Amino acid sequence: MLGRRAFLAGAALALAQGKALAATSAPLPKAEQVGDGLWVVRGADEPIAWGNGGAIANSVILDAPAGAVLIDPGPSRLYGQALGRLAQRLCSKKVGMVLITHLHPDHAMGACAFDPAIVHALPQTRKDIGEQGSDFADALYRILAGAMQGTTVLTPQGDLAAGPLDAMGRGLQLYALNGHSAGDLVVLDEQTQALITGDLVFHNRAPATPHARIDQWQDSLSKLEAIPHRLLIPGHGPLDTGGEALAQTRDWLGWVQDSLQRAVDSGLDMVEAGALPIPDRFAPLRQARYEWQRSVAHFYAGLETQALPIL
Ligand SMILES: [Zn+2]
């Protein structure tokens, strides 16, 4: 039990450390232990917005013998720094390795809080961040303003490949998949059998599709279903232990693909398509209307072009 004095001292320290972040809209990250030496920092199940400082993606902290390992350092330098302090407090070690699951800024831009030499990603993700990182940064600065102060695009220095990885002395299995983006890293923590999926899996939160190839994504979900695991940590939304998140992501993507095709075939315009009813079974998914309308925006022009008669 924490004494009142210790609590107050801790609170004062947290206040000092959080001062930079508290001066902005961004909430301080909070960790939830979900396994031996394994913590999840949950993002808000919301779109990127000023009030959440862009902290909408889940991050993972692993306690490894030679240092803390951080998976997905969040949207900004300040948030990345706060995650680094949190990891150091939990593991009594500095962050020695940062892994980025994919290019999206809510997962990746906090990497600039760390030494580039310790930041690793798949080669495809390095390429994507190199090409698109500055556009993402511009977009986040417009929405998040002060929460982004000091944030720069950091291209990961380390290449990751599928197979085993000795992460600061903790055994991980890496999978190089795609479909949510062109390069989606999935991590299996051997010690806890936790499957850390990045944005290939969303749980009780509608999947985002700005760089999605839905057929590839469905193939990747089949591969994930075949990996034995005890716990699944999705890119967004709560943990899952029963396979619900994988099934839900698959169901949503199937519905999106079918509904887009039907809407194009029946000649609806984008506004009409965006207003189509969403089935009741998706009621548990936060942001369903928002993501459906974004998917219409992402895919509609391409589907209409395919549907046009060749003259
Ligand atoms: Zn993403």
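Is Asp-189 buried or exposed? At 0% relative accessibility, Asp-189 counts as buried, where buried means under 20% relative accessible area, exposed over 50%, and partly exposed in between (1.4 Å probe, protein chains only).

## Basis of the model

This is a predicted model, in which local features need pLDDT of at least 70, side-chain atom pairs count only at pLDDT 80 or more, and totals for chains, interfaces and linings use all residues. Residues are numbered from 1 along each chain as its sequence is written, and side-chain values use heavy atoms, with hydrogens and water left out.

## Annotated domain

The UniProt record, an unreviewed entry, carries the annotation "domain: Metallo-beta-lactamase" for residues 56-236. UniProt positions are given in the numbering used here, feature names are shortened, and annotations may be inferred rather than shown by experiment.

In the model, the C-alpha atoms at the ends of residues 56-236 are 7 Å apart, and the span is 29% helix and 25% strand. Helices (H or I, at least four residues) and strands (E, at least two) are DSSP runs, numbered from the N terminus.

## Salt bridges between elements

The structure has nine salt bridges, a salt bridge being a side-chain nitrogen of Lys or Arg within 4 Å of a carboxyl oxygen of Asp or Glu. One of them pairs Arg-170 with Asp-189, with 2.6 Å between the closest N and O atoms. Arg-170 lies in strand 9 (residues 170-177) and Asp-189 in strand 10 (residues 184-189), so this pair ties together parts that are 19 residues apart in sequence. Arg-170 is buried, at 4% relative accessible area, and Asp-189 is buried at 0%.

Another salt bridge joins Asp-159 and Arg-126, whose closest N and O atoms are 2.9 Å apart. Because Asp-159 belongs to strand 7 (residues 158-159) and Arg-126 to helix 4 (residues 123-144), the pair ties together parts that are 33 residues apart in sequence. Asp-159 is partly exposed, with a relative accessible area of 47%, and Arg-126 is partly exposed at 25%.

## Other charged contacts

Arg-42 and Asp-45 also form a salt bridge, with the closest N and O atoms 2.9 Å apart. Arg-42 is partly exposed, at 29% relative accessible area, whereas Asp-45 is buried, at 11%.

A network of salt bridges links Arg-205, Glu-291 and Arg-294.

## Cysteines

The count of disulfides is zero, a disulfide being a pair of cysteine sulfur atoms within 2.5 Å. Cys-91 is buried, with 5% relative accessibility, and Cys-112 is buried, with a relative accessible area of 7%.
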